[in-house]
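Please read them with the structure open.

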Amino acid sequence: MDNQGAAKYCPKCRAIQPTFHFTEDLRTVHRCQVCGFAVERALVLETAEAFGLPSPPEVRILCVDDDPRILEFNEAILRSRGYSVLTASDGATGMAAAARERPALILLGIRMPGLDGFEVCRRLKADRVLKAIPVIILTAVAERELNIRAFEAGAEFALQKPADAATVLRTVEAALALAASRAAESVPETAPEVVTGPTQPGVVETGEEIVPDLTIPIRAVSLTLWTIDGATAHGEIFLRLDAQAHSGPETVQDRLNDADLFLTLSRADDAPLIFLNKTQVIRVEVPGQPLPAAPDSPVGVSIEPIRVRLVNGERLSGTVRIEGPAGKRRLSDFLNTQPPFLTLQGADRLHFLHKRYIAQIVPGAA
């Protein structure tokens, strides 16, 4: 592939992984071939998450402005991305909310009754506890002096209001990532104490740094996917051979049923990496793959033949494996309690069917 990049350290995999490079927002970005993560320390939200920030629903953002329209507009933008939003209509109330709630970020207007935005920002940055909270000051007019005053007061960013939704979200993500980067850099790295002895004769110290091998062994699995809009995608996913979630290597079933919303698919064409929303995938087919071996457990296993009709009209037959204590291995329980994808073993291939797109199942007839 022409745009295949070098191996780089992926913060999400926490390992050196092969990458692809893309042009996004007029800059080159390297993404991990295994998980699709942007491996550069760019100022985007996903990098902030790599440093340990909570996911958007757990991030609280405080909006302070005396204009209710601006408050309503920014609140709607942030909530659409999943953030938790607090509001205050003046500087004093905003200061109190910041001290009480300790938000992850503050969007701050300038001209407000009582304490203006500049004074609020100065007080926040003078507070030993609150000074680490990034501040984005919102200016009503595009005056260079106002931006200079905003940065002199300690703000990390300044925006002219009303800003469009994309600009607000990108600036918020940049501020969160900047705060996360600062927090990561402020943690001292403590090296273990090394007991040294006299140098042995004949041993030459080169001073060359020994870099540990952080590569996670992976294997490529070819598959074909059908989506609800009638599209078909062919490609590969890369599975870890030392999965931490359970003993043994990661399987296709593990990847489809994990908590991630998007599936990363590598392809040998002009779009070498695509991200597929798993909720839109009707079925996945892996040719020549046997049903994964049952794990060692005290429960039993039943192999049930079934016939399946999907919402797109396809009809498939095969067997499903149901695990559980004797007398409780019922197909109905299995269908209603298992993860999103149903594993169906066909005659010569393995099918993974999204349950939301299964129209009918006839048991006892393969």
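**Notes on the predicted model**

1. Start with a charged pair. Glu285 and Arg283 form a salt bridge, with their closest N and O atoms 3.1 Å apart. Bear in mind that this is a predicted model. Glu285 counts as buried because its relative accessibility is 11%, under the 20% limit. Arg283 is buried as well, at 4%.

2. Now the wider count. The model has 14 salt bridges. One of them joins the side chains of Lys125 and Glu156, at 3.1 Å from N to O. This pair links distant parts of the chain, the two residues being 31 residues apart. Lys125 sits in helix α4 (residues 117-126). Glu156 sits in the loop between α5 (144-152) and β9 (157-160). Are these two residues buried or exposed? Both Lys125 and Glu156 are buried.

3. Another salt bridge lies within a helix. The side chains of Arg79 and Glu75 meet at 2.9 Å, N to O. Why are Arg79 and Glu75 separated by about one helical turn? Because they are four residues apart in helix α2, which covers residues 68-80. Arg79 is partly exposed, with a relative accessible area of 44%. Glu75 is also classed as partly exposed, at 24% relative accessibility.

4. Lys278 deserves a look. This residue is in the loop between β13 and β14 (281-287). Its relative accessibility is 6%, so Lys278 counts as buried.

5. Leaving aside residues up to four places away in sequence, Lys278 touches Arg255, Leu256, Asp258, Asp260, Leu261, Phe262, Leu263, Phe341 and His354. Two of these names return in the next point.

6. Which residues make the nonpolar surface patch of about 270 Å²? They are Leu261, Phe262 and Phe275. Phe275 belongs to strand β13 (residues 273-277). Phe275 has a relative accessible area of 35%, so it is classed as partly exposed. Leu261 and Phe262 are also among the residues that Lys278 touches.

7. Next, Thr227. Its place is in strand β10, residues 218-227. Thr227 is buried because its relative accessible area is 14%, under the 20% cut-off. Its side chain makes a polar contact with the side chain of Asp229, at 2.4 Å. Beyond residues up to four places away in sequence, Thr227 touches Gln280, Val281 and Ile282.

8. Arg102 has a positive phi of about 50 degrees, although it is not a glycine. Most residues other than glycine have a negative phi. Where does Arg102 lie? Arg102 is in the loop between α3 (91-101) and β7 (105-109). With 49% relative accessibility, Arg102 counts as partly exposed.

9. On cysteines, how many disulfides does the structure hold? The count is zero. Cys63 is buried, its relative accessible area being 2%. Cys121 is buried too, at 0%.

10. Finally, the chain as a whole. The protein chain has eight helices and 19 strands. Of its 366 residues, 41% count as buried. Consider the contacts between residues at least 6 apart in sequence: 55% of them join residues at least 24 apart. The accessible surface of the chain comes to about 20,300 Å². Carbon and sulfur atoms account for 52% of that surface.

Key: Residues are numbered from 1 along each chain as its sequence is written. This is a predicted model: local features need pLDDT of at least 70, side-chain atom pairs count only at pLDDT 80 or more; totals for chains, interfaces and linings use all residues. Side-chain values use heavy atoms; hydrogens and water are left out. Buried means under 20% relative accessible area, exposed over 50%, partly exposed in between (1.4 Å probe, protein chains only). A polar contact is a pair of N or O atoms within 3.5 Å; within protein, one must be able to donate a hydrogen and the other to accept it, and residues adjacent in sequence count only if both atoms are side-chain atoms. Contact means heavy atoms within 4.5 Å. Patches are made of residues with over 30% relative accessible area and no salt bridge: like charges are joined within 9 Å, nonpolar side chains (Val, Leu, Ile, Met, Phe, Trp, Tyr) within 5 Å. Accessible areas come from the Shrake-Rupley method with a 1.4 Å probe; for residues, only the protein chains shown count as cover. A salt bridge is a side-chain nitrogen of Lys or Arg within 4 Å of a carboxyl oxygen of Asp or Glu. A disulfide is a pair of cysteine sulfur atoms within 2.5 Å.
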